[in-house]
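Visitor: Could you take me through the sheets, the helix packing and the chain contact in this entry, one question at a time?

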Amino acid sequence: MAAKKKTIRNIPQERTPMPEQAPLERARNFKEVALGYTRENALVEAERCLQCPDEPCVRGCPVGIDIPGFIAKIAAKNFRGAYDVITDTNLLPAVCGRVCPQENQCEGVCTVGDTLAPVAIGRLERYVGDSAIREGWVNLPYIERTGFRVGIVGSGPAGMSCAADMAKAGCEVIVYEAFHEPGGVLKYGIPDFRLPNEVVDVEIDKLKQLGVRFECNTLVGRLFTIEQMITEMGFHAVFIGTGAGYPSFMGIPGESLNGVLSANELLTRCNLMRARDFPTYDTPLQPGERVAVIGAGNTAMDALRVSMRLGARKVYCVYRRSKAEAPARAEEVHHAEEEGIEFHWLTSPIEVLGDAQKRVRGMRCQKMALGEPDASGRRRPVAIPGSEFEFECDSVVYAIGTNANPILGQTSRIKLDARGYLETDENLATSIAGVYAGGDIVTGAATVIEAMGAGRKAARAIKAYLGLRDTEIVYSAEQPCADRHFGFGPEVHGYARVRTLRAGIEPRNIASDGPASRR
Amino acid sequence: MAAFEIVAREDYSDVTFMLEIRHPLMARAAQPGQFVIVMQSEHGERIPLTIADFDADRGTVTLVIQAVGKTTREMQRECTTGTALHAVVGPMGIPSHLGQAKKVICVGGGLGVAPVFPQARAFKQSGAYVIGVLGFRNKDLVFWEQKFRACCDELVVCTDDGSSGIKGTVTEGMRQAMEKHADIDTCIAIGPPIMMKACAEATRARKIKTMVSLNPVMVDGTGMCGGCRVKIGEGIKFACVDGPDFDAHEVDFDDLMSRLSRFKETERDALKKWEESCRMRAAADAAATMDRGAPGSATQA
């Protein structure tokens, strides 16, 4: 009694819209913009997945989530099952469902997307993640201690995902964070209206339940060095995921005027330090009436929208290329436009103008035109002669990218590349044996999910280095057990056994199933 | 989370106080010239403070704080021995480069007297001839004179009103020292920007290598926010990771001073609000005492 085969014709044709706060209302509060699918929304959207055999979405996902698998569970109303499938590969569905650029990843290659709007994979993932938070679901695997100690530098997305994998592999994991709270860019950078800090805290709690220890207020490199972690502190391996974080400025006149700041500073003051609740919280943030943000990446969008919520009357985006070249997610640009942010495409700043008190009073810009494609493949902006103009603003925020953070280069012998980022091989191993690195400190500024992918990739390499079997070979009840022990052939020795505890299956049953089916 | 216990406190004047904080790892790692970032409470702001002393045996680091704004005033009230700070992170910044200095003049002005101490001691230990020049507004504000005497070959104390040592600013002390010693090769100056600027001018003509420690507004202290950027020569540097020590003759002090005034208004408002709440609390306390006192005095009568 197989269900009727799904075809592109018989699935719901329209992508289920995401319920959102109204633009003009949300532009003045820090509550989440996207409210999340309802159960009904999720069930309808799950019907749109064709369960096609070649699964391009799985290959499109940097961590390789079994996307058709979890969507099938949703369609069968087995939400807990969907959560189990996702957490086999991704510990943080509530985070990734919100901040991944799905349009360039899973949804970008979705088969349905060839004809209709792609399945809203991210929104479904978020629904599952939020359900888990609401219901208190946790998948704690059975972990056999290996005795290995792994130190992780940085508690952002790269560090968190690496920590999860190493903890599951039975290692004692300590994550060091320089800030007073763990979470990295998820906490200080991404604003609450896109990713509430409470969601991040729930995910961090899950890591703690896996046995991961977080040591905040610890600046690795200065309090102790990477080398000391290996030689004195007893770590068998180290993963570095410190992020890039050394904001760029343009070098135009007027950048040291008061009122010029980096997007990192704006976002950190507002998000982590809660300057928006000044004076309940002590951190100040001079709110601008008219704010100009330079750049059009995701960080720029966050800075624009945060400025709006802090009460600015006018918020301008200044970008030297056109909308088509903007590196931000299309959805973010769209949200920003809806909220009343003014975009000035093809506009390049030449000078920040100041008053007698050395405060920002405006900006001088020039108009640009697109010329020949440059090294990045995007058309190079060329200044239009005589197009200079000035406008008034009292705050200028730079969101034009970051350079490599110099601290580890200053404090260890670790090899850097020409731009100052950590140099790694294809397995993310650095020049120091046992020390691996991933995320922005290796690649330069990128996305949360890419950092998470790097954390997991490094975890695989660290396991190989330590001689541990990869946790991706997870014993699961569906796998045939004949002639195999916990899913491994008899020729394999010395593995770390890792099993996922599933509802209704006691560990004892799994253990006794193996030998039984052999007989 | 680890608590950062205050194991000792000493008040040097009605605005300056010293906190000794238990942090064994940092006490071992700290070097002269480095700083920490402190949060007094969960709601607090992150403020950078230069490390004034560290003792690996006691497992402590010492900070000297001047109560000027809301946060430091609150610390002055709350941070008593036995309490703990919400967060202390460090040591941050590149340690001071001692180099091959033979004869050094270590200048500290006001609160800057404290962070110049580890450098003076390190120079002494490295075998240099150390001349200390300490400046205070008046005799009541003088602190650590004995501590400096122990590690300086010569010490000049300057006060604005002449109530202790010589009368005048630190540049007067420097002038006297430089007149006496023609072979001073290095100068370290830490204090208010206006003082460091004057020190830079005092040594510029003689081409004495002069280092200053900059303490601009910062948030994370790890290079991430860029709030602490300073103009050094033609370039922009971040004081937190590229400094905090810079060549005084390259520093644009006017730029530094203007950037330090960045949050002047919000800071003033915050302080005013805080003082108001202190006043109300004190009034309530006084009223409560009166209430308790009244019946007592009645029975006595």
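Predicted model: local features only at pLDDT ≥ 70, side-chain atom pairs only at ≥ 80, totals over all residues.

Visitor: What is the bridge partner of A:Val293 in β14(A)?
Guide: Strand β7 of chain A covers residues 290-294, strand β14 of chain A covers residues 395-398, and the two run parallel, joined by four bridges. In β14(A), the residue bridged to A:Val293 is A:Val397.

Visitor: Which strands stand at the edges of the seven-stranded sheet of chain B?
Guide: The open sheet of chain B has mixed pairing and the order β12-β11-β10-β9-β13-β14-β17. Each strand at an edge has a single partner strand, so one of its sides lacks a neighbour in the sheet. The edge strands of chain B are β12 (166-167) and β17 (245-247).

Visitor: What is the bridge partner of B:Val212 in β17(B)?
Guide: Strand β14 of chain B, residues 209-213, pairs with β17(B) in the antiparallel sense, over three bridges. The partner of B:Val212 in β17(B) is B:Phe246.

Visitor: How many residues lie between β1(B) and β2(B) in their hairpin?
Guide: Strand β1 of chain B (residues 4-11) also pairs antiparallel with β7 (residues 84-85) through two bridges, with B:Phe4 opposite B:Leu85. Five bridges join β1(B) to β2 (residues 16-22) of chain B, again antiparallel, and B:Asp11 has B:Phe17 as its bridge partner in β2(B). Between the two strands of the hairpin, β1(B) and β2(B), the number of residues is four.

Visitor: Are helices α5(B) and α6(B) roughly parallel or roughly antiparallel to each other?
Guide: The axes of α5 (residues 170-180) and α6(B) come within 10 Å and cross at roughly 25 degrees. Angles under 35 degrees count as roughly parallel. The two helices, α5(B) and α6(B), are therefore roughly parallel.

Visitor: How many nonpolar residues does the contact of α5(B) with α6(B) have?
Guide: The contact is made by B:Val170, B:Thr171, B:Met174 and B:Met178 of α5(B), and by B:Met195, B:Ala198, B:Cys199, B:Ala202 and B:Thr203 of α6(B). By class, two residues are polar, none is charged, and the nonpolar residues number seven.

Visitor: Which residues of chain B lose the most area to chain A?
Guide: The contact takes 50 residues from chain B and 42 residues from chain A, and the chains bury about 3,900 Å² between them, with 56% of it on carbon and sulfur atoms. Together accounting for 18% of what the chain B side buries, the residues that lose the most area are B:His43, B:Met224 and B:Arg262.

Note on methods
Residues numbered from 1 in each chain as written. Chains lettered and ligands numbered in written order. Heavy atoms only, no water. Pairing = 2+ DSSP bridges. Axes fitted to C-alpha atoms, helices over the stretch in contact; angles between N-to-C directions. Parallel < 35°, antiparallel > 145°, perpendicular 65-115°, else oblique. Contact = heavy atoms within 4.5 Å. Nonpolar A, V, L, I, M, F, W, Y, C, P; charged D, E, K, R; others polar. Buried area = accessible area lost by both parts, 1.4 Å probe.
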